[in-house]
Amino acid sequence: ASRMTTYLHSMTNSLLGTFPQGEDQVCMLPCAAICGGWKTCGSMPAPHAPISRILLVLLVPGQIIFVYTICVLNSDVMPTPLFLLAYTLASFCQVFLLLYLCQILVYWMWSRGSDP
């Protein structure tokens, strides 16, 4: 959220409620918010999409390391591949939703003249 707000400040000269050219839409499709910039995701510019993709890619090894660290410290059982898959998928969905909602809320607050 902080990076998005800094971007909006720099691109609009800190004029709350105004958007950079071509980014006047508060709500967008999840595909455009996360995968924007690719030809298959529409023509709307998405300057925050590359950072979102990096965070989602880093999530997978981070969660696997976290689960194995907990299991090593507990030393009772090791997780099954099915558990790792389900845990990583649930984490991925959660972070995907949070990144999407963050973009919507930051742009919505900015459109109302509030500095998120």
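## Working around helix 3

Helices here are DSSP runs of H or I with at least four residues, while strands are runs of E with at least two, both numbered from the N terminus. The model is predicted, so local features need pLDDT of at least 70 and side-chain atom pairs 80 or more, whereas totals for chains, interfaces and linings use all residues. Residues are numbered from 1 along each chain as its sequence is written, and side-chain values use heavy atoms, leaving out hydrogens and water.

**Exercise 1.** Find how far helix 3 reaches and where it bends.

*Solution.* 
- Start with its limits: helix 3 runs over residues 49–74, which is 26 residues.
- Next, take its reach: 37 Å from first C-alpha to last, close to the expected 38 Å (1.5 Å times one less than the number of residues).
- Finally, go to Leu59, where helix 3 bends by about 30° (the angle between axes fitted to the seven residues ending there and the seven starting there). Pro61 follows within four residues.

**Exercise 2.** Name the buried residues of helix 3 and their packing partners.

*Solution.* 
- Buried means under 20% relative accessible area, exposed over 50%, and partly exposed in between (1.4 Å probe, protein chains only).
- The buried residues of helix 3 are Ala49, Ser52, Arg53, Leu56, Leu59, Gln63, Val67 and Cys71.
- These buried residues pack against helix 2 (30–35) and helix 4 (81–111), with contact taken as heavy atoms within 4.5 Å.

**Exercise 3.** Is Thr88 buried or exposed, and which residues does Thr88 touch?

*Solution.* 
- Locate Thr88 in helix 4.
- With a relative accessible area of 12%, Thr88 is buried.
- Leaving aside residues up to four places away in sequence, Thr88 touches Val60 and Ile64.

**Exercise 4.** Compare sequence and space for Cys93 and Trp110.

*Solution.* 
- Begin with Cys93, which lies in helix 4.
- At 45% relative accessibility, Cys93 is partly exposed.
- Cys93 and Trp110 are 17 residues apart in sequence, and 26 Å lies between their C-alpha atoms.
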